[in-house]
Amino acid sequence: MSETWMIAGAWIAAGLTIFLFSFLYKDNPFFKIAEHLYLGAGMGWWFQVYVYNILGPKVWTPLVVNHDWMVLIPAVLGISLVTQFIPKISWISRYGFTFLMGYGSGLAIPASLSTDFINQIGGTIKPLSMMASMTPFAIFNSLLIAFGVVCVLFYFFFSVEHKGHVKTVSNIGIYFLMIYFGAAFGNTVMARFSLLYGRFDDLYTFSDKHYFYASQLIMLAMVVYFLVHNFMGKDKKEVTEDEAAG
Amino acid sequence: MLKEKLQKFFKLDRRWIFLLLAIVLFAPIIKPIGLPNKTISRDVQNAYTYMDTLAPGSFVLFSLDYDPSTRPELQPQAIAMIRHAFQKNLRVGVVTYIAGATGLIQQAFEKVPKEYNKVYGKDYVIFPYMANAVAVLTQMSSDFYGIYDKDQDGTDARTLPVMQGIKNYKNMALVVNITGTSMLDIWVAYVGDKYKVPVIGGVTAISQPGYGPYLQTGQLKGLIGGMKGAAEYESLIKQPGKGTSGIDSLNLAHLLVLALILTSNIILLIIKYL
Amino acid sequence: MKLIKKQIPLAIVFVFGVLTLISYYIPHKKSVDFMEMMNKWENIVAAFAFFLGLISLFYSHYSKIARKVDGWGYSLFVYIGFLAMVVPAIYCHGKQMDAAGKTALGWSFSFIYNPLSATMFAILAFYIVSTAYRSFRIKSLQAFVLFVAAFILILGKVPLGQIIWTSVLGWTGAGVDQVIDWIMSYPAVAGKRGIMIGIAIGAVVTSFKIIFGIERQYMGKD
Amino acid sequence: MNVMTKNKLGFALVLLFAAANTFAAKPGPAAKKATADPLLPVAGLTVIDMPYDVGGTALLKWDVRPSDTPDVTYQVYVSSLETGGWIKAEEFPADTRTGKDIDLPFWAWDTSIKEHAVKVELNNYYGEAQSTGSPFHFKVTAVKGKNTAESEVVSVVTLSNWFRLDRMNNLVLLLILIIAFFWAVSHAKRKGLFIRRIAGLDAIDEAIGRATEMGKPIYYMTGIGSMSQISTIASAFILGEVSKKVAQYDSQIKVPHYDPIVMTVCKEVVKQSYMEAGRPDSYRDDINFFVSQDQFSYAASVDGMISREKPAACFFMGYFMAESLLLAEVGATSGAIQIAGTDVEHQLPFFFTACDYTLMGEELYAAGAYLSKEPMLMSALKVQDLGKLIVMVSVLFGIIFVGVGAWRHWDPFVQVILNMFKAY
């Protein structure tokens with residue numbers, strides 16, 4: 001990869017990054033360009049993934065090279081979906097998606113039962129099998145989980161009216177849910193900041209002299225655009241500002 | 001009067017928050033502040049000590065399995081550990097089982113070896129990406145070259161000076177796996193336990209707690225978690241890098257969030273009770 | 001007509017659902033092969049479905065350009081973006097790396113696709129802060145619990161926060177690491193487990209409804 | 001159940017040994033007599049096909065002896081040839097690897113510590129095709145220092161089995177639920193069915209009303225799941241009910257899609273809803289439209305649409321990943337009423353904080369019944385409640401039994417309970 005390409009790449013990457021970030025200030029033509037470009041690029045990326053990883057090795061090769069005619073079944077089911085565009089025969093597409101739904105449902109039942117049902121019950125009672133060597137605090141913790149699980153499940157009871165004792169218990173369940181939500185939220189913050197830090201770090205790299213100050217120049221151009229835009233459309237500004245502030 | 005002002009602050013245009021966040025995250029990149037770092041965590045120290053006590057010339061296999069999405073956290077870890085390996089004059093081999101990692105590995109090895117006058121082929125080697133990690137890892141236990149007969153440039157791997165005397169895991173002193181996926185579990189289960197190869201891991205902050213059991217049982221010799229772990233390792237090898245500036249950024253950004261939610265609650269209290 | 005329009009699709013759901021379900025309990029090679037085949041079939045059907053999406057996308061942006069609706073110019077960028085990925089992919093047969101290093105597709109990936117997706121992902125960092133500012137307000141006891149859990153988790157994740165904890169709450173003898181560990185491994189697990197069990201049972205019953213054809217609204221009428 | 005299993009195992013043993021006896025007749029190489037400490041070859045060595053698996057795995061067992069100390073090592077050798085060709089498959093200290101270490105439940109396995117039990121996965125050494133169906137020979141060598149003692153050779157043909165007996169607990173639970181399901185569905189009555197209030201679903205009317213008043217559209221996101229995911233199926237159902245109301249109010253709805261198949265299904269659903277509402281003339285084919293099958297470009301585009309059109313209400317129902325907050329925060333800033341629902345538990349916190357109402361996990365699945373009040377769906381909800389009841393009772397008694405059992409050291413009893421609640 002030649003140096004020119006690298007520098008061109010840096011300019012494009014820095015530009016697209018800043019365009020997308022500009023949405024945080026407000027919607028603007030540059031964001032719209034990046035958004036639409038991304039729409040195409042995203043589909044383009046998956047297009048080549050599907051062609052080179054699925055249609056090539058899993059459909060074309062078996063069919064043309066190995067003459068494995070079984071592949072025709074999913075291919076026909078897949079093509080049936082495209083009948084969607086012709087309203088008269090669009091019902092044919094049902095053949096395609098009912099297959100997917102049947103397969104998905106069949107897969108979901110035993111998997112949910114084992115990992116999320118049986119194993120979760122097991123996980124709740126298992127710690128107590130160490131009873132003999134547990135500290136009182138550890139016993140308390142294990143009981144706390146069990147108690148919490150039961151309370152949360154009470155919250156999800158649908159065919160019982162939530163009043164009296166049921167209400168009390170399901171309310172306690174809500175507190176456990178709140179702890180989980182808060183903790184999960186707080187736990188994710190760092191990962192998201194790291195990502196943003198990574199983007200900024202890239203922009204910083206592209207701001208180097210080596211890349212002809214790509215980040216600074218694009219940034220500057222954006223600021224100038226917004227200033228000019230605000231200045232030119234002074235009368236319209238009030239509205240957009242308010243709306244953006246929300 | 002005060003209340004009205006506070007009400008206004010309550011509905012603060014969120015773009016001010018965005019600006020603040022951008023500043024606190026960006027500023028340390030330009031100029032690392034070096035905020036006080038808490039003591040080095042036990043698992044990072046263990047990782048450092050293990051690597052530090054290896055005999056010069058030992059072969060360390062780095063499995064770098066992360067893609068751009070986890071790069072900010074994991075690349076600094078990888079660079080710090082590679083620096084350490086070069087400092088100690090260890091031989092370095094790099095493999096990967098994530099296609100997206102190849103570009104990042106290239107990036108890491110563009111600069112670091114030069115700092116220590118290390119030569120490709122003699123002191124370190126990079127192998128091409130391989131799919132189907134489990135199968136490859138199992139295969140490598142009997143014959144490394146059965147899978148990796150060529151390095152990334154297509155040179156016959158057996159002829160490289162760096163690979164002299166390396167045939168399988170038995171000849172390797174350490175495996176370092178830095179990953180944002182479940183690769184570390186695979187390394188521990190299929191290689192570490194089976195062939196008694198010491199394994200050190202580097203993971204994201206989110207997945208770090210899950211590896212507690214492996215550390216307890218000694219299946220992992222050490223673990224580096226997130227940006228914080230990278231910063232700690234950098235301070236151990238006395239080479240502040242992206243991890244150190246990163247942890248500054250994260251420190252400030254977290255405090256910003258806390259300050260914001262505290263302020264909004266204090267205002268809420270004042271409006272309610274005053 | 002009703003047979004081919006309704007009964008056969010329902011039969012397809014039932015047959016594939018039941019076969020997939022029972023193969024969980026059958027370790028035989030035949031059942032393993034069957035599942036492998038189903039997996040492959042699903043991939044293939046999904047790949048064809050992708051074209052359905054692609055055609056819809058192209059068609060809608062084509063009609064925007066053709067009718068010259070407001071902002072039709074942006075629609076051109078959809079095609080540019082698509083070509084920017086697909087042309088290099090065809091040129092180097094879908095490979096991102098070759099012996100000489102990054103290929104054209106590798107370039108497109110790392111300078112177009114990756115900055116775009118990474119930036120979109122990173123925008124979450126901004127939103128997580130503004131959401132936190134808006135919603136972690138203690139208006140009730142429940143909100144207080146939510147607030148405390150989130151606050152401790154955010155505080156304890158960074159060294160500076162740990163230092164603050166030690167200097168303010170050090171006298172309690174509990175480090176913030178331990179507190180976080182406790183929250184994550186006990187009360188939070190209880191909450192999460194309750195949700196998961198509920199979801200599991202709900203998913204099983206919904207799957208029954210699909211397989212046995214009790215819920216069939218998705219097929220439309222006629 | 002235990003008895004049945006043992007019979008089954010016994011039967012398999014008889015069959016296999018019929019084949020194995022031919023080889024067993026051949027005597028193994030005599031053990032080298034150790035000078036000081038006699039090291040005897042292992043006793044009672046048997047090999048059978050590993051039950052409940054796809055094949056290619058053999059199970060060796062031999063007696064545990066008092067002389068099995070840590071300084072003795074057992075080596076297991078395997079060969080596909082009648083003579084020679086031995087490959088070392090396993091090596092371990094003699095005081096490890098008994099019947100207890102094989103992870104199978106009590107109804108399918110005898111967890112005896114009186115026998116060593118070692119699984120040998122043949123496809124690690126021979127091809128996938130060869131390892132099932134052809135004969136293999138095994139011997140076990142005891143090693144202590146420089147002394148070795150070799151056992152006789154035993155043989156087995158591994159098979160592909162037909163039933164995962166170890167998954168019996170799963171199957172029993174499945175059958176209970178199926179029976180309950182059919183009972184509930186066939187006894188569905190219009191009267192006497194109660195369902196508790198779900199705030200998020202009551203708010204749907206409010207949201208649609210507001211949209212009608214403001215003359216602004218409603219956005220309904222079905223998430224990034226495929227049609228085979230349960231949350232997407234539930235979402236399509238809710239979309240049906242929502243669009244029915246939208247049609248009645250003569251409001252406007254837009255459904256941007258990630259998955260083309262989901263779009264196909266949702267078109268059918270919305271069309272039918274408009275017909276049921278008596279407004280087939282207001283139905284347009286572009287209510288459902290495709291955006292992108294790339295997670296973040298979908299989020300970027302929908303964010304753009306929301307911020308430009310400022311919808312009166314946003315619905316997020318289905319399977320969501322990181323884009324949950326990307327979408328919900330933009331919706332919140334543009335002032336929409338937001339109702340979310342997902343079964344991705346780690347995205348719930350974000351919906352919960354950024355949206356006005358959130359259907360948590362199972363509530364999403366119950367929404368269809370809640371909105372349509374259809375008796376069959378309502379009674380299916382009872383099955384869900386039954387499932388939760390099973391969990392509560394199991395947890396309660398499980399804790400008591402396991403706690404008491406562990407306290408009193410009734411280990412086998414505790415194992416029985418734990419086995420019952422473990423997925424294999």
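**Entry 1: helix packing in chain B**

I looked up how helix 1 (residues 2-10) of chain B packs against helix 11 (residues 242-273) of chain B: the angle is about 145 degrees and the axes are 10 Å apart. I took helices as DSSP runs of H or I with at least four residues and strands as runs of E with at least two, numbered from the N terminus. Axes are lines fitted to C-alpha atoms, for helices over the stretch in contact, and angles run from 0 to 180 degrees between N-to-C directions. Helix 1 of chain B passes helix 11 of chain B in a left-handed crossing, that is, the near helix is turned anticlockwise from the far one by less than a right angle (right-handed if clockwise). I listed Lys3(B), Leu6(B), Gln7(B), Phe9(B) and Phe10(B) from helix 1 of chain B, which meet Ser264(B), Ile267(B), Ile270(B) and Ile271(B) from helix 11 of chain B. Contact here requires C-beta atoms, placed from the backbone, to lie within 7 Å.

I note that this is a predicted model, in which local features need pLDDT of at least 70 and side-chain atom pairs count only at pLDDT 80 or more, while totals for chains, interfaces and linings use all residues. Residues are numbered from 1 along each chain as its sequence is written, and chains are lettered from A and ligands numbered from 1 in the order in which they are written.

**Entry 2: the sheet of chain B**

I traced an open sheet of six strands in chain B, with parallel pairing and the order 3-2-1-4-5-6. Pairing requires at least two DSSP bridges between two strands. Strand 3 (124-129) and strand 6 (222-225) of chain B are the edge strands, each pairing on one side only. From one strand to the next the twist averages 15 degrees. Strand 2 (residues 91-96) of chain B is joined to strand 3 of chain B by four bridges, and Val94(B) stands opposite Ile126(B) in strand 3 of chain B.

Two helices that pack on this sheet were then checked. Helix 4 (residues 71-87) of chain B touches strand 1 (59-65), strand 2, strand 4 (174-179), strand 5 (199-203) and strand 6 of chain B, and its direction makes about 160 degrees with that of strand 4 of chain B. Helix 10 (residues 226-236) of chain B touches strand 5 and strand 6 of chain B, at about 115 degrees to the direction of strand 6 of chain B.

**Entry 3: the sheet of chain D**

In chain D I found six strands in an open sheet, ordered 11-10-9-12-13-14, with parallel pairing. Strand 11 (288-290) and strand 14 (357-360) of chain D each have a single partner strand, so one side of each lacks a neighbour in the sheet. Neighbouring strands of this sheet are turned by 15 degrees against each other on average, direction ignored. Helix 4 (residues 230-249) of chain D packs on the sheet, where it touches strand 9 (218-223), strand 10 (253-257), strand 12 and strand 13 of chain D.

Strand 12 (residues 313-319) and strand 13 (residues 337-342) of chain D run parallel and share five bridges, with Ala313(D) opposite Ile337(D). Strand 13 of chain D pairs with strand 14 of chain D over four bridges, and Ala340(D) stands opposite Thr358(D). Which residues of strand 14 of chain D are buried on its two faces? Tyr357(D) and Leu359(D) lie on one side and Thr358(D) and Met360(D) on the other, all buried (20 or more other C-beta atoms within 10 Å; exposed means 12 or fewer, partly exposed in between; C-beta atoms are placed from the backbone).

**Entry 4: helices 9 and 10 of chain D**

I examined helix 9 (residues 362-372) and helix 10 (residues 375-407) of chain D, whose axes come within 8 Å and cross at roughly 150 degrees. The two helices are therefore roughly antiparallel (angles over 145 degrees; under 35 is roughly parallel, 65 to 115 roughly perpendicular and the rest oblique). Their crossing is left-handed. Lys373(D) lies in the loop between helix 9 and helix 10 of chain D. Its phi is positive, about 55 degrees, although Lys373(D) is not a glycine. Lys373(D) is exposed, with 11 other C-beta atoms within 10 Å.

**Entry 5: contacts with chain A**

I recorded 56 residues of chain D in contact with 51 residues of chain A. Helix 10 of chain D gives the largest share of the side of chain D that touches chain A, 15 residues. Between chain C and chain A the contact takes 95 residues from chain C and 92 residues from chain A. Here the largest share of the side of chain C, 20 residues, comes from helix 8 of chain C.
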